[in-house]
Amino acid sequence: MGQDIEWHEGDMPYSTQFGDHFYSKSDGRAECIHVFLKGNNLPDRWMEPETFTIAELGFGTGLNFLETWRHWQESGAGGTLRFVSFERFPLGAADIDRALRAWPILTEQSAALVSKWPEEPCGVITIAFGQSVTLEIHIGDAQQYVAAWSGKADAWFLDGFAPSRNEEMWSQHLMTQVFDHTKNQGTLATYSAAGWVRRNLQAAGFFVQKRPGHAGKRDMTTGKRV
């Protein structure tokens, strides 16, 4: 099943199912950099010539993947980037293309993604972008697919719709699965600073901290498996 969306302010996708925008209204790309990349101390951590695995809850438009891929290219990292995302309601290629037009700097990456995007995304989608970048998307309920995933992440991007609108994506059960699929010293970052989300992460086993949020938002959350 795909996502039902409306377009606000031109080309900003809005989920009618969850009553929420797919990314920050101020600048989704800047939010990705501030929250997910800097929140996980990237790209500094991926300079060793080995495989670095990022896992994500909520693929959405693919913006986080594309911005991460762009930073990976510019960093000169010598290893392999494996980006694994869990998405229950995938967008179609045309909607992804429209949503990403707001950032011309990502034109090369977005064109590559859209050209390889399946007509009816389902199951586990694996797409290689050259020799060093692989995207793997698990289509379905994250609580089932994360548990079934055989890998472990160096870093997590927790980017589901707002906790107040999508509680299942932030449940203690799922946060425990995230912890179980995080390498020792692995990290996470999310735009959310909701108290119950932090408590769920702490109960799962993460050491959790608050940091200044994006675009005037007072707080965001980071975590580490220690």
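Colleague: Quick one to start: which residue in S9 is the bridge partner of Trp-156?
Modeller: Leu-188 is the bridge partner of Trp-156. Strands here are DSSP E runs of at least two residues, helices are H or I runs of at least four, and both are numbered from the N terminus.

Colleague: And how do S8 and S9 pair?
Modeller: S8, residues 153-158, pairs with S9 in the parallel sense, over five bridges. Two strands pair if DSSP finds at least two bridges between them.

Colleague: Before I go on, what sort of model is this?
Modeller: This is a predicted model, where local features need pLDDT of at least 70 and side-chain atom pairs count only at pLDDT 80 or more, while totals for chains, interfaces and linings use all residues. Residues are numbered from 1 along each chain as its sequence is written, and side-chain values use heavy atoms, with hydrogens and water left out.

Colleague: OK, back to the strands. What is the strand order in the sheet of eight?
Modeller: S6-S7-S5-S4-S8-S9-S11-S10, in an open sheet with mixed pairing. S6 (124-129) and S10 are the edge strands, each pairing on one side only. On average, neighbouring strands are turned by 20 degrees against each other, ignoring direction. Axes are lines fitted to C-alpha atoms (for helices, over the stretch in contact), and angles run from 0 to 180 degrees between N-to-C directions.

Colleague: Which strands does H1 touch?
Modeller: Helix H1, residues 28-37, packs on the sheet and touches S8, S9, S10 and S11. Its direction makes about 145 degrees with that of S9. Helix H7 (residues 195-204) also packs on the sheet, touching S8, S9, S10 and S11, with its direction at about 150 degrees to that of S10.

Colleague: Switching to Thr-53: where does that residue lie, and is Thr-53 buried or exposed?
Modeller: Thr-53 lies in strand S4, residues 51-57. Thr-53 is buried, because its relative accessible area is 4%. Buried means under 20%, exposed over 50%, and partly exposed in between (1.4 Å probe, protein chains only).

Colleague: So what is Thr-53 in contact with?
Modeller: Beyond neighbours within four places in sequence, Thr-53 is in contact (heavy atoms within 4.5 Å) with Arg-82, Val-84, Trp-149, Lys-152, Ala-153, Asp-154 and Ala-155.

Colleague: Last topic: how many bridges join S1 to S2?
Modeller: Four, and S1 (residues 5-8) and S2 run antiparallel. Ile-5 stands opposite Ser-15 in S2.

Colleague: Which residues of S2 point which way?
Modeller: In S2 (residues 12-15), Met-12 and Tyr-14 point one way, Pro-13 and Ser-15 point the other, and all are buried.
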